There are 2 protein chains.
Amino acid sequence: MSFLSKYHTVSQKRFPILTAELNMSHSNPEKYQSLPSLISDIKAGNRRALSKAISLAESSLDEDRNLTEQLLQSILPDTGKSKRIGITGSPGVGKSTFIETFGLACIEKGERVAVLAIDPSSQSHGGSILGDKVRMPVLARSEDAYIRPSPSRLTLGGVSNATREALLICEAAGFTTILIETVGVGQSEVEVRSMTDLFLLLTLPMAGDEVQGIKRGIMELADIIFINKSDGDLESFADMSKSQIQSALTLMHSPTEDWKVQAMTGSGLHGNGILELLQLCDDFFQISAPHHHAMAGRRNMQNQEWFELAFHRELILWAEKQESIKQAKIEALQYIANGITVPSMAARAIVKSHLHSD
Amino acid sequence: MSFLSKYHTVSQKRFPILTAELNMSHSNPEKYQSLPSLISDIKAGNRRALSKAISLAESSLDEDRNLTEQLLQSILPDTGKSKRIGITGSPGVGKSTFIETFGLACIEKGERVAVLAIDPSSQSHGGSILGDKVRMPVLARSEDAYIRPSPSRLTLGGVSNATREALLICEAAGFTTILIETVGVGQSEVEVRSMTDLFLLLTLPMAGDEVQGIKRGIMELADIIFINKSDGDLESFADMSKSQIQSALTLMHSPTEDWKVQAMTGSGLHGNGILELLQLCDDFFQISAPHHHAMAGRRNMQNQEWFELAFHRELILWAEKQESIKQAKIEALQYIANGITVPSMAARAIVKSHLHSD
């Protein structure tokens with residue numbers, strides 16, 4: 001693919017540059033003393049401001065939440081204008097290579113691309129920063145791309161909440177396509193579906209019955225299924241896979257009003273099928289956009305869902321700060337350990353005695 | 001297998017009997033006016049009392065929770081003595097047939113077996129009762145077995161909570177082996193692992209690289225991996241699968257102290273390998289039981305986890321009942337729909353203004 005070839009030299013010398021960049025990003029963590037300057041820098045496209053703001057949104061400290069609140073409130077009018085695309089696929093499906101190629105193709109068409117990730121198993125922060133930049137080295141060097149790793153493990157839906165906020169911040173920073181990637185563990189596909197417009201499932205060319213190996217629950221979330229690695233040895237399976245997936249799709253409902261779910265073949269590594277996929281995504285957004293009602297309706301529903309989850313999270317965070325509740329929980333755990341009470345009943349008793357009803 | 005053959009005639013005439021039984025179970029829902037009689041009937045092994053008590057535990061009505069609280073408190077000394085075994089495996093792995101055969105083999109050895117299920121996707125109650133009894137018809141007819149379908153979809157971890165309570169009630173009713181089955185959607189394996197002593201993963205004989213198709217996260221939860229359907233056409237793959245899984249296991253930590261995770265082959269349909277599996281389970285419980293510390297420690301940790309989850313659930317249920325919070329949420333949703341506020345911030349504002357801190 002022509003659009004890939006010109007990036008190859010950049011890719012060769014990526015490591016020293018990358019290291020310098022990482023060191024830099026840690027050099028001055030307290031640069032932003034004032035929120036207004038942080039906000040105006042975000043809007044001006046300053047990457048360090050962007051990273052700083054996302055880190056702020058990932059914090060659960062009270063003062064950081066206060067700042068995040070002001071920040072989000074202030075950028076809100078500049079959000080909501082991007083194409084939000086979720087991407088999932090099992091480990092080994094070639095997600096990083098695909099995202100790099102797909103992201104570069106988007107940039108070729110004039111988009112500015114942010115890549116966010118949700119990985120519920122991600123434990124440490126530093127490790128995955130390096131990981132994400134190394135696995136998409138060419139995209140990471142582009143001025144029109146921004147790659148942000150998954151936040152470190154946060155309790156109580158914190159990862160999902162932080163990613164939703166990061167998405168808004170990226171939109172305010174002028175990114176027009178936001179790719180949200182998930183590793184497909186546990187509920188993470190459902191979470192990514194619930195914060196994106198278009199959901200893309202990557203899969204591999206497969207023989208025979210193995211199409212059944214794609215979990216039906218995941219397939220039902222997808223707007224487009226891209227059969228990656230449809231090249232080399234696997235090419236012979238690709239078309240068979242495609243027709244099998246298409247016939248499986250006839251039994252399912254499309255997750256998006258007025259959109260017929262489609263399967264297509266291609267390769268993130270060699271680039272074939274990527275421009276066609278981009279065209280299909282454009283079709284999706286063109287079909288969806290005029291039906292203003294449908295897309296606005298989906299986003300509003302997503303916001304309601306986010307609100308409910310965030311409310312639960314805030315309730316729990318509040319309870320964790322109350323000394324009297326903390327004490328009662330410690331006592332309850334003693335009773336539980338001694339076999340004197342049932343956990344669910346101890347929990348109920350604490351809520352009954354410590355929270356006052358209307 | 002000899003222990004299977006004698007059940008075959010029973011299996012032939014199952015449907016009329018089954019229907020009569022189901023009708024009967026709905027005929028007198030209000031039989032238990034008094035909690036003491038319900039409790040003594042449970043302890044006496046009365047199945048209708050058992051079913052009634054589990055239904056009570058599944059209810060989230062305040063008065064039912066009050067009754068459940070008294071019931072659980074009263075049966076608590078009779079709980080904790082069973083072998084709690086979790087069973088998971090992808091759809092198509094032959095779980096129902098396996099559980100039927102395995103359950104009958106347990107009964108042959110003198111156990112009384114209860115089968116509970118966690119299916120987060122289960123929507124309706126009536127449908128799955130029939131489903132569960134039809135898919136394990138012979139086991140369902142045994143006097144030493146009790147099969148309870150997954151509770152209907154309950155919000156906020158309600159399914160998991162209800163299943164934990166059902167487990168205790170089954171123990172009080174004298175069941176000595178509790179099998180908790182999950183369909184393997186989303187987080188349900190993790191939930192089942194967190195309420196059982198031994199976790200059994202069913203998988204299929206596979207060729208070559210497909211062992212990688214077993215999600216690593218699931219494999220790390222398992223104490224024993226049983227390669228089911230190791231018969232007929234698939235038999236040739238069985239041993240290869242076993243050695244591949246075993247070599248994958250060498251790279252993983254055992255979830256249970258002093259226990260080496262093992263893979264074995266067999267067939268739920270034909271019964272081969274089942275008695276060997278039962279022996280292996282006995283080994284597990286014999287190795288674990290003397291180390292009183294390890295097993296007691298696991299159960300205590302599980303109870304702590306249950307307590308935390310139940311506490312979160314009770315907090316949210318409490319908030320849902322407060323009129324002032326309900327009103328504030330309705331207003332917030334208006335603001336969110338109009339693009340005036342960010343969902344996470346609206347949630348935080350409500351908690352801040354409606355809950356009073358220490």
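Select A:Phe237, A:Ala238, A:Ser241, A:Gln244 and A:Ile245: these are the buried residues of H13(A). Buried stands for 20 or more other C-beta atoms within 10 Å of a residue's own, exposed for 12 or fewer, and partly exposed for the range in between, with C-beta atoms placed from the backbone. The five sit on the same side of H13(A), because they cover an arc of only 140° around the axis; the arc is that of the directions from the helix axis to the C-beta atoms.

This is a predicted model, in which local features need pLDDT of at least 70 and side-chain atom pairs count only at pLDDT 80 or more, while totals for chains, interfaces and linings use all residues. Residues are numbered from 1 along each chain as its sequence is written, and chains are lettered from A and ligands numbered from 1 in the order in which they are written.

Next, show the whole of H13, residues 235–249 of chain A. Helices (H or I, at least four residues) and strands (E, at least two) are DSSP runs, numbered from the N terminus. H13(A) has 15 residues and spans 21 Å from first to last C-alpha, close to the expected 21 Å, which is 1.5 Å times one less than the number of residues. On the face turned away from the buried side, pick the exposed A:Ser236, A:Ser243 and A:Ser247.

What do the buried residues of H13(A) pack against? Select strand S6 (224–227) and strand S7 (262–265) of chain A; contact requires C-beta atoms, placed from the backbone, within 7 Å. S6(A) and S7(A) are paired in parallel over four bridges, where pairing takes at least two DSSP bridges between the strands. A:Phe226 is found opposite A:Met264 of S7(A).

Widen the view to the open sheet of seven strands in chain A, with order S3-S2-S4-S1-S5-S6-S7 and parallel pairing. S3 (145–147) and S7 are the edge strands; each has a single partner, so one side of each lacks a neighbour in the sheet. Neighbouring strands are turned by 20° against each other on average, direction ignored.

Now pick helix H10, residues 158–172 of chain A, which lies across S1 (83–88), S2 (113–118), S3 and S4 (177–182) and runs at about 175° to S2(A). Axes are lines fitted to C-alpha atoms, for helices over the stretch in contact, and angles run from 0 to 180 degrees between N-to-C directions.

Two backbone stops remain. Most residues other than glycine have a negative phi. A:Lys229, in the loop between S6 and H13 of chain A, has a positive phi near 60° and is buried, with 25 other C-beta atoms within 10 Å. B:Asp258, in the loop between H13 (235–249) and S7 (262–265) of chain B, has a positive phi of about 65° and is exposed, with 10 C-beta neighbours inside 10 Å.

Key:
Two residues are in contact if their C-beta atoms, placed from the backbone, lie within 7 Å.
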